[in-house]
Amino acid sequence: MTSLRAFTEIVGADHAMIGADTARWARDWTGTYIGAPGVVLRPADTAQVAAILRKASQLRLSVTPVSGNTGLVGGAHAPGGVLLSLDRMNAIREINPRARTATVEAGVILSGLHAAAEAQDLIFPLTFGARGSAMIGGVLSTNAGGSNVLRHGNARDLCLGLEAVLADGRVVDLMKAVHKDNSGLDLRNLLIGSEGQLGVITAAVLKLSPRPRAHATAMVAVPELTDALDLLNRLNDASGGAVEAFEYMPRAYIQTHLDRVAGARPPFDAMHEVNILVDLAATSERDATPGGDGQTPITDLLEQELGAMLDAGRVLDATVARSEAQRAEIWARREAAAELTFWRKPVIDTDVAVPLDFVPRFLELADARVTAHDPGAEPFYIAHLGDGNVHYCVYPSGDSSALKDAIVTIVEDVVTELGGSFSAEHGVGQSKLATMRRRKDPTALAMMRRIKQALDPQGILNPGKTIPD
Ligand SMILES: Cc1cc2nc3c(=O)[nH]c(=O)nc-3n(C[C@H](O)[C@H](O)[C@H](O)COP(=O)(O)OP(=O)(O)OC[C@H]3O[C@@H](n4cnc5c(N)ncnc54)[C@H](O)[C@@H]3O)c2cc1C
């Protein structure tokens, strides 16, 4: 209680919440991690974050940062502990249209930044289904990816400058808007993706991109998954690298979407095994100005390429969006992925990446080995195919932790054999701690522990997550 009084003095009584007021942070998005925090602190600015961490480090109290609480690995879950919510630090300080940067506080919601950038005829290209809740602090702390990584990179690639508060309350100011900065170790990129282990991110300078004047969006069915990479390369070659998204939805995913979403329609008259969402973006007037028939050159190009591949038997079917509403329908199908995965329990949720040309092999081996081990298991997946990231989930036949561990180990084995990563975009949090312990290079793990020890010697920042003991 002494600590509650001390924290209340920093943030004000209205912003130190206990009991029922903390209910909104009592469970993670997946419903796997349940338990209310002891207290939620909602600082107004960096100075208050620094004061909280100074006090917490004096009292040796652990502090877990939380932003939108949409993480899928239990990283922001702190039952009984101090949760530091950045949601009040939500100012967009500046959009600089000439330098194409945005300077924002950590609590800015991703979709809010999208709107602010678009008002200046620009975009912040990182996007995914949880954009209406996820905040910049969480996005950077998890080095989030999403559907446009193929063309624009992940959060790390889109961040120029950063401000963070360290465990002892010191503020590290890396808020430069420069594209080049070789002044010593890359601390910005160390903090990005560190899942609240090394500091609390309070502000950032982000890169903006030109707003596409037109999109060409299609659902494409190809005979085999191995044909998909040729389609991607062909479209990128023909369009000068205009492919923004290339998402794989297998038949089981399409069927689940039809079964579970009211009003959902199939992408094609017939059901196909390999369905790809393709999205090309044109930023130049040349590619985006409609011709006499009302169609843009970028859509003409997409249709030409798909037509040629249809003639060659490399594409089975294709539906090109003719309106924003049709494009939205195509995207809604893809963005329902998290809901379509987590409604059913028990679910084993993995998030892996393999080299682009190994995705079909990964799926073939993982499916075969998982179902050989557990004949009642049902694999269920979707992939950001353009960057080799597969959300490979399995509904096992039982709920025992031995069975679930065995299945995770099988998937990890395949990933390791193919030179992939067991954690492509959601981070490690709690759910991948065991995998981290057994699969990460031991020297890399030792380095991480040393860095953690140097920056947070008392281990008060987000304990029990990301870096295994
Ligand atoms: C429907 C849905 C779709 C999704 N799609 C994608 C996707 O395509 N790609 C993708 O990468 N992720 C995706 N995610 C996962 C999730 O949205 C991202 O990981 C997102 O970046 C988390 O942001 P958040 O603000 O909700 O962070 P939170 O969940 O609040 O926190 C995530 C982690 O970051 C830490 N943290 C939060 N704020 C800070 C801060 N200011 N400083 C330091 N540490 C902090 C937390 O302690 C925690 O460890 C999806 C989630 C959902 C629910």
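Q: Axes are lines fitted to C-alpha atoms, for helices over the stretch in contact, and angles run from 0 to 180 degrees between N-to-C directions. At roughly what angle do the axes of helix H8 and helix H11 cross?
A: This is a predicted model in which local features need pLDDT of at least 70, side-chain atom pairs count only at pLDDT 80 or more, and totals for chains, interfaces and linings use all residues. Residues are numbered from 1 along each chain as its sequence is written, and side-chain values use heavy atoms, leaving out hydrogens and water. Helices (H or I, at least four residues) and strands (E, at least two) are DSSP runs, numbered from the N terminus. The axes of H8 (residues 251–260) and H11 (residues 324–335) come within 10 Å, crossing at roughly 105°.

Q: Is H8 roughly parallel or roughly perpendicular to H11?
A: Angles under 35 degrees count as roughly parallel, over 145 as roughly antiparallel, 65 to 115 as roughly perpendicular and the rest as oblique. The crossing is at roughly 105°, so H8 and H11 are roughly perpendicular.

Q: Which residues of H11 do Tyr253, Ile254 and His257 in H8 meet?
A: Contact means heavy atoms within 4.5 Å. By that rule, the three H8 residues meet Ala332, Arg333 and Arg334.

Q: How far is a polar side-chain atom of Ser67 from a nitrogen atom of the ligand?
A: Among the 34 residues around the ligand (a heavy atom within 4 Å), Pro65, Ser67, Gly68, Thr70 and Gly71 come nearest. A polar contact is a pair of N or O atoms within 3.5 Å. For Ser67, the distance is 2.6 Å.

Q: How much of the ligand's accessible area does the protein cover?
A: An oxygen atom of the ligand lies 2.8 Å from a polar backbone atom of Gly145. Accessible areas come from the Shrake-Rupley method with a 1.4 Å probe. Of the 980 Å² that the ligand has on its own, the protein covers 96%.

Q: Which element gives the most residues to the shell around the ligand?
A: Strand S3 (63–66), helix H4 (136–141) and strand S10 (200–207) each give two or more residues. With four residues, the one that gives the most is H4.

Q: What is the omega of the peptide bond from Lys345 to Pro346?
A: Most peptide bonds are trans. Pro346 sits in the loop between helix H12 (337–342) and strand S16 (348–349). The bond from Lys345 is cis, with omega near -5°.

Terms used. Polar contact = N/O pair within 3.5 Å; in protein donor to acceptor, adjacent residues only side chain to side chain.
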